[in-house]
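Please look at the sequence and the three-dimensional structure shown below, and keep both at hand while you read. The report that follows goes through them step by step.

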Amino acid sequence: MGRHLPRRLGLAVVLCAVALLAGAFVPRVRSVLGAAPASFQDIEESLTCQCGCGLTVHACNHLQCGSAIPLRQEIRAQMDLGKGREEILAYFKSKYGEKILSSPTTSGFNILAWVTPFFMLAIGGLLVGLTILRWSARSHPAAPTGEAPEIPAPSPYDKILEKELKDFGE
Amino acid sequence: MVDVGSLALVIGLVLALYAVGMSLAGAYWRKRDFIASAEHAALAVWGLVTIAVAALMHALVTHDFSLEYVAHYTSSTLPLQYVIAALWGGQAGSLLFWLFILTSMTAVVLLQNRERNRELMPYVTAVLMIVAIFFLAMLNFITPPFQRLAFTPAEGQDLNPLLQNYWMTIHPPSLYIGYVGCAIPFAFAMGALVTGKLGDQWIRTTRRWTLLAWFFLSMGNLFGAQWAYLVLGWGGYWAWDPVENAAFLPWLTCTAFLHSVMIQEKKNMLKVWNMVLVILTFALTIFGTFLTRSGVISSVHSFTQSGLGPFFIGFLGATLVVSIGLLIWRLPQLKSENELDSVLSRESTFLLNNLILVGIAFAVFWGTVFPVISEAVRGIKITVGPPFFNKVNAPLGLVLLFLTGVGPVIAWRRASARNLQKNFLMPVSLGLLVGIILFASGVRHYYAIISFCLCAFVLTTIVMEFHRGIRARQAMVGENSLTALLHLIGKNRRRYGGYIIHLGVVMIFLAITGTSAFKVEKQITVKPGDTFPMGRYTLRYDGVKSHETPHIAYLTADVAILDHGRQIDTLRPEKRFYKKPQQPTTEVAIRSTVGADLYLVLGSYDEASKMATIQAYINPLVGWMWWGGVVLALGTLVTIVPSRAPARAPAYAPSRGPQAVATE
C-alpha cells in the first residue's frame, strides 16, 4: 500500500480536479448552449413568480396573479424585440433584482452554489476511493504482484440451492 | 377539559425532567429502582400527552372558539375530517402531535425492552425524554395550544383551504411518524456510545424502527407529492420547495443508513459511518421541523410561521455538539479491522451508493440554505429554484439508479469475471436495447434515454433474481411458479423485500422521467361548444355550472373527452371559493391511464361571455409514481414482517467478540 500511495493520491487529486472543473463549467456550458434559442417557456421557467407561491412564472397558475401575468407579458415584449435568452434574463435581473431568477447566476459569489455540491462530492469520492483501495490492500498484503488469487464467488443460484437443501433437510 | 390539557402538559414537563434525571442517576449509580421509576415516569408522560391531545381534540370537535387555536384553524362549517386534521394544521397543534407520536413510540420502546437491552435503556429513555422536554417546553412556554382568547368569537377563521384535502389528513401524520421514528435509532445509538456497547446490538434492536421510519418518510413524501399534484393545480408534484426538501433530506440519509448498516451486520465494518448517518438523519428531522415552523426560508408549504426558529436552532446545535462529542470520545473503540477483498464487490457498491445518497442530500441542503447564505454574505436575496435542483440532482439520481441495479446482484467480497458476466450481460444488453429503440423512435431527450435504459437494466436484474430463485425452488421441491415465488419471498423476506422496494423505486424513476421529459401543456380560452386537440384526445368545453354549500361555492366546468370522435369521458375541473376565509382554490380533474394522465384545470371563467380558460396537461407515466409507492410499501411490509424461519448467520460473518455475545 505504502509504495502505491503517492501514485494513488496523485490519481485521486486529478480525479478530484476533473470533477471540480466539471462542476464549475457544466452550468456555464449549459447556459452558453441555452443562449441560442429564446423559447418562451424556457424564460418563464428561468424566472420566479413574485406572488409568494414559490413556483416559477411558468408553473404559477394563480387566478389573476399580480406577478406572473405581467411578467409573461413582459417576456413576450422582450422576445418581440428580438433579444436572446441571456439578454432577456439580464433585463429582468437588472429590473427586479437577482431574486427574480429561478436559479443562481454562474458568476461571482453565486458560483459557489453550483460548484460546492460537486466539490463536496469530489472530496467524498476521493475519500471513498482511497478507503476502498486501502481496505482492499489490507486484505491481501502478501500478494507480490498486487493481485490476490481470485476467490470464486458463490452465485445467488448456488446460495439459494444451498439454503433450500438445508431447509429441505430440516 | 381545556384546563386539564394545559395542566397535563405542565405535569408532563416536570415528569419528563424527572425521567431524565432518574435515568441518568440510575445508570450512574446502577440503581434499578431509579431506572424503573424513570421508565414509569416516561410512560406517565405519554399518558399526560395523550390527555392533552384528547383535550385539544375535544375542543376542536366541540368548536370551543374560546381557544385561540380552535378559533384560528377551524369553523363550525368545517367538515369533521378536517376538524380532526386541524390538530396538525397549526403551529401548537402540530408540535403537540409530534410530541404525542414521540411519547407513544417511547412507550412502545420501553415495553419492548423490559427484559432486553437493559444497559442501554436508561440512556435511551433519557435521550427520548430530552427530545420530549424540548417540545414540552415549547408547548408550555412559547406556543401553548390551550391559550384562551379575551373574548369568544361567534365563528372561527377556518382551516386554510389548501389544507382541506384528504391527502392532508394523512400526509403530515406520515411525515411526523417518519421524523419521530428516526429518534429511536438515534437514542439507541447514543446509548451505545455512552455505554460503550458498540457492537451491532443497537442496530439489530432498531432495524425495524429504522425501516418503519423510512417507510413513513417515503409515504409522507409521496402523499405530499400527491397533495401538491391534486391541490396546487400547476400540473406537477414536486417543486423543490424548502419544506419539500426538508422532508426529503432525512429520507436520503436514512436510505444511506439502511444500506450501510448491512455492511456492519455482515462484516462488522463502517461503525463510525453508521453513527454519523444516524446522527445526521435525526438532526435533519429537527432541521425539517425547524424549516417548516420557523419561516426562515419562504415556502408555499409553511402554513404557520413563528419565532420558534432560534429555539430549534439551539436544540439542533446542542444535539449535534453532544452527539458528535460522544462519537469522537468513542472513536478508538469504534475502529474496526476493515477489509475489502476487492474493489469490485457489493461492499464497494454500497459505499458508492452511500456517497451518492449523501451527495444528493448535501446538494439539496446546500440549495435550500444558499439563499440565506447569500443574503448574509452579500445582502442580496436570491432564489434557488427547480432549475438548480434538477440540474445538480439529475446526474446524481441516474448514478444512484445504476447502483440500484448493481448493488443487489454483484457478489459480496469479490466479483469474478464469471459473476459479472452471469449477472450483468443480460441486464446491460436489455438496457442498451431500450436505448437503441428509443433513439430509433426519434427520442432525443438524452437524460430520458439514459434513465429509461437504466430502468430497464435495474428491472432486468430484479426479474433475473426472482427467476433464479423460483427455478431453484422448482428444481428442489417441484412447486408451481406462484407457490415457489411466495415461499421464496417468505423464507428470505429481507432480501426479496428489498428487491420489491427497488422495483417501486424503478417505477418512481419511470414516472419522474416521463413527466420531466415528455409533459405536454396547453392553455386555451374557449366558449361553450368549442373543441381543441390535446394529445390523442379532442376536448370539448360544454360550459360551467355553479352550486354552493354553507362552506364552499363551486364553479364546475364540463369538459367532454373525445377519442376519435367518440365521447369516452367527462372531466369536471372546479374553482372553489371558500367562504371562511374567502379564498379561491383549484380542484383539478384527472383522467388516469397507464400511459399518462390527462390533467385539467379551470383557470378562469367570465360570466358575461361564458368564456373559460382551461389549462390542460398530458403527464406521461405519472401514475407509475403512485403505484411505485404502493409497490414500495408492499416491499417494506415484506421486509419488516419477521420471518418464521430462524435467521442464519452469514457464511463468512466475522466471529463476534465476547462483549457482543454477552449483550445478546
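Predicted model: local features only at pLDDT ≥ 70, side-chain atom pairs only at ≥ 80, totals over all residues.

Residues are numbered from 1 along each chain as its sequence is written, chains are lettered from A and ligands numbered from 1 in the order in which they are written, and side-chain values use heavy atoms, with hydrogens and water left out.

## Helices

Helices (H or I, at least four residues) and strands (E, at least two) are DSSP runs, numbered from the N terminus. Chain A has six helices and zero strands, and its pattern, read along the sequence, is α-α-α-α-α-α. A residue is called buried when its relative accessible area is under 20%, exposed when it is over 50%, and partly exposed in between (1.4 Å probe, protein chains only). Of the 170 residues in chain A, 38% are buried.

In chain B, helix 6 covers residues 121-142, and its 22 residues reach 30 Å from the first C-alpha to the last, which is close to the 32 Å expected at 1.5 Å a residue. The expected span of a helix is 1.5 Å times one less than its number of residues. Helix 6 of chain B is largely enclosed by the rest of the structure, because 18 of its 22 residues are buried.

## Salt bridges

A salt bridge is counted when a side-chain nitrogen of Lys or Arg lies within 4 Å of a carboxyl oxygen of Asp or Glu. By this rule there are 23 salt bridges over all chains, and the table lists some of them.

| Pair | N to O distance |
|---|---|
| K95(A) and E74(A) | 2.5 Å |
| R85(A) and E86(A) | 2.6 Å |
| D530(B) and K527(B) | 3.4 Å |

The salt bridge between K95(A) and E74(A) links distant parts of the chain, since K95(A) belongs to helix 4 (residues 85-96) and E74(A) to helix 3 (residues 68-80) of chain A, 21 residues apart. K95(A) counts as partly exposed at 47% relative accessibility, whereas E74(A) is buried, with a relative accessible area of 13%.

R85(A) is buried at a relative accessible area of 12%, while E86(A) counts as partly exposed at 35%. Together with D42(A), R85(A) and E86(A) are linked in a network of salt bridges. In the pair from chain B, D530(B) is partly exposed with a relative accessible area of 24%, and K527(B) counts as partly exposed at 44%.

## A pocket and a surface patch

On a 1 Å grid over the protein atoms alone, a pocket is an open set of points where a 1.4 Å probe fits, with protein on both sides within 12 Å along at least five of seven lines, and lining residues have an atom within 4 Å of a point. Grid points are joined across faces, edges and corners, and a volume is the space filled by probe spheres set on the points.

The second largest pocket has a volume of about 990 Å³. Its lining has 36 residues, of which G124(A), L127(A), W273(B), L280(B) and V358(B) lie nearest its centre. Which helix gives the most to the lining of the second largest pocket? Helix 5 of chain A does, with 11 residues.On the surface, L7(B), V10(B), I11(B) and V14(B) form a nonpolar patch with about 330 Å² of accessible area together. Patches are made of residues with over 30% relative accessible area and no salt bridge, where like charges are joined within 9 Å and nonpolar side chains (Val, Leu, Ile, Met, Phe, Trp, Tyr) within 5 Å. Accessible areas come from the Shrake-Rupley method with a 1.4 Å probe, and for residues only the protein chains shown count as cover. L7(B) is found in helix 1 (residues 2-29) of chain B.

## Single residues

N117(B) has a positive phi of about 50° although it is not a glycine. N117(B) sits in the loop between helix 5 (91-112) and helix 6 of chain B, and is buried, with a relative accessible area of 11%. H564(B), which is not a glycine either, has a positive phi of about 55°. H564(B) is in the loop between strand 4 (552-563) and strand 5 (566-571) of chain B, and counts as exposed at 77% relative accessibility.
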